[in-house]
Every structure is written in C-alpha cells, then in structure tokens.
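Please keep the sequence and the structure in view while reading.

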Amino acid sequence: MVLERPAVTGLPHLEVGKHTGPEQGACLMEYVSVLAGQRFTDRPACTAGGVAVVARRVNDAVTDRARPRLTHCAPDLIGAVGRHRGLDDVVVLCCTEAGLAVDPHDRRLTALRARARHRLRHSWSRWLRLPAHAVVHEAVISTMTVLAPLPPDERDERLIGLLATVVRAAQAATRVPRDGDRIVNSPPTAATCGTAEARGTGGRR
C-alpha cells in the first residue's frame with residue numbers, strides 16, 4: 001500500500017480547498033506547513049512547487065473517506081525542495097504514467113510524457129521555463145480526466161498511489177549527495193516514477 005507511517009495527532013483535519021487558518025481545516029499542503037512549523041500556507045517553502053501541485057490536486061480529488069490517509073505522506077513532503085533542475089519533468093513523468101496505466105492510448109498524456117523524457121535527457125532543452133509549474137498542472141489535470149470514470153474506491157487508490165510515487169521520485173531527485181558522490185542529472189528510471197511497465201500492470205482493470 002502507500003505509506004504506513006501513522007498520522008501525527010493535534011493537527012488540522014484535511015478538507016477540500018484553501019483555508020485562512022488551521023481552525024477551518026487544511027488541505028494537505030497547509031497541513032504540511034503546520035507540521036513543518038512554517039507559516040500557514042498551501043505553498044510552504046519546504047516542498048518543491050511541482051510536488052505541491054500534485055499534493056493539492058490529489059487532496060481535492062479524493063473522496064472525503066480517503067482524504068485522511070493523505071496525512072501519511074505529509075512528513076515526506078517536508079524537504080522535497082527541488083535541488084534537481086528537472087524535478088517538474090520527473091513529476092510529469094509520474095503523472096503521465098499513472099494516467100497511461102489506465103488508458104495507454106491517451107494522446108495528450110503520451111505527448112506530455114515524451115516531452116518530459118526529452119527534457120530530462122537533453123538538459124539544454126530546459127532553458128524554456130514554463131510559468132508556475134504549468135506543465136505539472138497540465139499533466140495532473142489530464143491524468144485526473146482519465147481517472148475520473150473509475151469507481152471512487154479505485155480512483156482514490158490510484159490518486160493516493162500517484163502522490164506516494166511523486167513523493168518518492170522527488171526524494172530521489174532532491175537527495176543531497178554524500179561526500180565523494182557526484183550529482184548526475186539523468187532521467188529517472190521506470191521504477192522511480194512507478195511506470196506501468198515497472199509495476200507489471202497494463203490498462204484499465
């Protein structure tokens with residue numbers, strides 16, 4: 001399953017949307033800001049912007065019954081700050097693979113995946129910076145469109161699994177190297193982004 005770490009008590013309840021204070025509840029990223037001891041916000045500095053985009057959208061898309069499970073991902077969202085310059089493309093790969101596992105023939109997701117792979121393999125192509133993590137927003141929206149017809153329980157599982165995959169990929173991409181290690185800007189493997197091929201799953205079940 002996703003992460004088995006128990007939720008921290010004494011924190012806001014997870015709710016849909018943005019809030020002015022923890023007494024009203026919190027989305028997952030607002031919850032993270034409280035957990036990290038930062039200013040209450042859905043864009044805390046402790047988490048890379050592209051990763052936070054996925055967390056906010058998954059928070060709003062899962063059912064009320066499944067939403068409390070997202071708190072298990074909160075501790076790992078602290079510190080995913082984006083030292084890897086291609087982190088947004090890594091996140092896009094995770095999102096597109098999650099959608100293509102359901103609909104392998106979706107053209108939009110296929111195109112987004114190909115562009116992310118190209119940018120990761122050719123660092124010179126990253127000179128064009130899209131504003132406000134636009135490509136991540138596009139990938140998440142396209143993936144959620146594909147997942148929308150699924151039964152609620154299956155959709156919840158796939159969305160929570162997507163978030164866990166993005167967190168793991170971000171941790172791998174932002175890990176500080178030890179003494180003597182070299183930082184290598186290589187594209188993530190299929191296992192890192194939880195691709196359909198790595199999981200041994202195909203289309204819609």
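Which backbone oxygen lies 2.8 Å from a polar atom of the side chain of Thr 143? In this predicted model, that atom is the backbone oxygen of Cys 95. Thr 143 belongs to helix α6, which covers residues 134-147. Its relative accessible area is 0%, so Thr 143 counts as buried. Setting aside neighbours within four places in sequence, Thr 143 is in contact with Cys 95, Thr 96, Ala 98, Gly 99 and Leu 109.

Helix α4 is mostly covered, with 13 of its 14 residues buried.

In soluble globular proteins, nonpolar side chains tend to be buried together. Here the largest nonpolar core holds 53 residues, and Val 54 and Leu 163 have the most contacts inside it. At least two residues of this core come from each of α1, α2, α3 (74-77), α4, α5 (107-121), α6 and α7 (152-174). Beyond four places in sequence, Leu 163 is in contact with Val 54 itself, and also with Leu 28, Ala 55, Val 58, Leu 70 and Cys 73.

Thr 41 lies in the loop between α1 (28-35) and α2 (49-61). Is Thr 41 buried or exposed? Its relative accessibility is 13%, and because the limit for buried is under 20%, Thr 41 counts as buried. The side chain of Thr 41 reaches the backbone nitrogen of Arg 43 at 3.0 Å. Not counting residues up to four places away in sequence, Thr 41 touches Met 29, Glu 30 and Ser 33. His 19 is 22 residues from Thr 41 in sequence, with the two C-alpha atoms 8.3 Å apart in space.

Confidence remains to be considered. The protein chain averages a pLDDT of 80, and 72% of the residues score at least 70. Over residues 177-192 the pLDDT is below 50, and this stretch has 17 contacts in the model beyond near neighbours in sequence. Residues 194-205 also stay under 50 in pLDDT, and for them the model has 24 contacts beyond four places in sequence.

Conventions: Residues numbered from 1 in each chain as written. Heavy atoms only, no water. Helix = DSSP H or I, 4+ residues; strand = E, 2+ residues; numbered from the N terminus. Buried < 20%, exposed > 50% of the residue type's maximum accessible area, 1.4 Å probe, protein only. Contact = heavy atoms within 4.5 Å. Polar contact = N/O pair within 3.5 Å; in protein donor to acceptor, adjacent residues only side chain to side chain. pLDDT = per-residue confidence, 0-100. Core = buried A, V, L, I, M, F, W, Y, C linked by side-chain atoms within 4.5 Å.
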